[in-house]
Amino acid sequence: MMEFKRCSIKGKQYGSLEPQETSEQISYYPHSKFKFFDPKLLKDLKKGNNDVKEFLECLSLCHTVIPEKADESELAYQAASPDEEALVIAAHGLGYSFVNAHATYYSLDILGERAEFK
């Protein structure tokens, strides 16, 4: 299983490859396959950092994943590779949830608001 542990956005590092036993897990939408421990990413997102927003939009839109409602509380994603699944779940956990794909647009839930991308 692949896990999203860290990223670099415009040269700024987020996350760590080392286990974070003392840190609290952060997430906007909890998911059983998402464990991320660096609060700087959500802080920058809440401040309106456009680079972080664009990064999360790319993670949640640029893939071949199909969302499925697994149960009442958690989305499941069918992916061609574990890498794709890990990236889409990371975007979901950080507030950019891929909801549906239609013939002409994609639907996302971005921090609680529905958005469509053509």
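**Reading the terms in a predicted model**

Guide: E85 is found in helix α3, where a helix is a DSSP run of H or I with at least four residues, a strand is a DSSP run of E with at least two, and both are numbered from the N terminus. This is a predicted model, in which local features need pLDDT of at least 70 and side-chain atom pairs count only at pLDDT 80 or more, while totals for chains, interfaces and linings use all residues. Residues are numbered from 1 along each chain as its sequence is written, and side-chain values use heavy atoms, with hydrogens and water left out.

Visitor: Why is E85 called buried?

Guide: Buried means under 20% relative accessible area, exposed over 50%, and partly exposed in between (1.4 Å probe, protein chains only). E85 has a relative accessible area of 18%, and therefore counts as buried. Leaving aside residues up to four places away in sequence, E85 touches K33, Y77 and A79; contact means heavy atoms within 4.5 Å.

Visitor: What makes α2 and α3 oblique to each other?

Guide: Helix α3 covers residues 82-93, and it packs with α2 at an angle of about 130°, the axes being 8 Å apart. Axes are lines fitted to C-alpha atoms, for helices over the stretch in contact, and angles run from 0 to 180 degrees between N-to-C directions. Angles under 35 degrees count as roughly parallel, over 145 as roughly antiparallel, 65 to 115 as roughly perpendicular, and the rest as oblique. The two helices are therefore oblique. L56, L59 and S60 of α2 meet L87, V88 and A91 of α3 in this contact.

Visitor: How do you know that C62 is in no disulfide?

Guide: A disulfide is a pair of cysteine sulfur atoms within 2.5 Å. For C62, the nearest cysteine sulfur is that of C58, 4.7 Å away, and C62 is in no disulfide. A search of the whole structure finds zero disulfides. C7 is likewise in none, with the sulfur of C58 as its nearest, 12 Å away.

Visitor: Are C7 and C62 buried or exposed?

Guide: C7 has 8% relative accessibility, so C7 counts as buried. C62 has 59%, so C62 counts as exposed.

Visitor: Why is one side of β5 and of β7 left without a neighbour in the sheet?

Guide: Three strands form an open antiparallel sheet in the order β5-β6-β7; two strands pair if DSSP finds at least two bridges between them. β5 (96-101) and β7 (113-117) stand at the edges with a single partner strand each, so one side of each has no neighbour in the sheet. β5 pairs with β6 (residues 106-110) over five bridges.
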